[in-house]
Amino acid sequence: MSTAVYIFVMASVTYLIRMIPFTLFKKKIKSQFIRSFLKYIPYAVLSAMTIPAIFYSTGNFVTAAAGTIIAVVLAFFDLPLIVVALAASLGAFIAGLFL
Amino acid sequence: MNLSSDFSRGMTHGIPIALGYLSVSFGFGITAAASGLSVFEASAISATNLTSAGQAAGIDVIAAGGTILEMILLQLTINIRYSLMALSLSQKLDKRFTASHRLVASYGITDEIFAVCSAQKGMLSPAYMYGMILIAAAGWVMGTFLGASAGQLLPESVSSALGIVLYGMFLAIIVPPSRKNRNILCVVIAAAVLSLLFRYVLTAVSSGFAVIICAVSAAVLGALIFPVKDEAEQE
């Protein structure tokens, strides 16, 4: 399969997800089940994508674990996204120096 | 307020978003190049998708040679949250927002742009959203381009450490609400446990479908066991 086809499909689906409600819907969703599902789905997606993939993200379990611990601690204290993301990387880099 | 001042106000509000995107998409660029995509392909994905988690999952499907159905379902699952954001923002648009402006601006509804736009007092104009989207998208594409092209020039120790950037951002999104809301924490843990199960036990399921199954099951469980009581609780 050509990469261009994948990219076209990704982009189209992602655009339609944003465009349809933004353009067409004027009323609020009433179903409690759907509203609850929509509230939880982002966290469920990100959790499933992160665990356990994050531990393979640097090619070394120890450096990845170091970065993960730093990210969890900083995120726990509500630091901005970008600080948490870069600190995780810095932590993994520093851990790599000791290996 | 006139058009150009709305536009520049949007750009100003978009600068912090663009800086964040620049560094996160640098990590995406490296990951994309590492999974075999060209600099142009990686940049094209960022320019047309403008989303972190969906893109990260999408390049896995491309690298694994997954099916188109898998790609569609995966993008639907990961990005369905934008529907809710788009729905919420659609109630906040001023009367200059004609149908054609809505068609264009919907391209730029991301978590961060949604957060900044919904925090604005009053209605949103097309110029304001365009200013913000333009600078944020520029940062996102630029970072991807730099990561995919310069990633190979960086020492191995630096580029491998940057591979964790996107995941660090994901943790920064899920940890704070999990700390404050036990229901969200339960959903997060359920999704993580299922994900571990698919990674190490049910390995026949491809990674894209595994993410879909884990996320939908955990969110359905959450919606059944901990229904959200009223809209005031929505974030």
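Predicted model: local features only at pLDDT ≥ 70, side-chain atom pairs only at ≥ 80, totals over all residues.

In terms of residues, 65 of chain A are in contact with 102 of chain B. A:Arg18, A:Phe22 and A:Tyr40 together supply 12% of the area that chain A buries against chain B, which is more than any other three residues supply.

Between chain A and chain B there are two salt bridges, and one of them joins the side chains of A:Asp78 and B:Arg179 at 3.7 Å from N to O. Across this interface there are also 22 residue pairs in polar contact, counting pairs with both residues at pLDDT 80 or more. On the side of chain A that touches chain B, helices H1 (3-23), H2 (32-50), H3 (61-76) and H4 (81-97) of chain A each give two or more residues, and the largest share, 18 residues, comes from H2(A). By class, that side divides into 46 nonpolar, 12 polar and seven charged residues.

Chain B itself is divided into domain 1 (3-162) and domain 2 (181-233), whose centres, taken over C-alpha atoms, are separated by 24 Å. Six residues of domain 1 of chain B are in contact with eight residues of domain 2 of chain B, and the two domains bury about 550 Å² between them, 78% of it on carbon and sulfur atoms. In domain 1 of chain B, the residues that lose the most area to domain 2 are B:Glu70, B:Leu74 and B:Thr77, together 71% of what that side buries. Between these two domains of chain B the count of salt bridges is zero.

How values were computed. Residues numbered from 1 in each chain as written. Chains lettered and ligands numbered in written order. Heavy atoms only, no water. Domains from an automatic or database assignment. Contact = heavy atoms within 4.5 Å. Buried area = accessible area lost by both parts, 1.4 Å probe. Salt bridge = Lys/Arg side-chain N within 4 Å of Asp/Glu carboxyl O. Polar contact = N/O pair within 3.5 Å; in protein donor to acceptor, adjacent residues only side chain to side chain. Helix = DSSP H or I, 4+ residues; strand = E, 2+ residues; numbered from the N terminus. Nonpolar A, V, L, I, M, F, W, Y, C, P; charged D, E, K, R; others polar.
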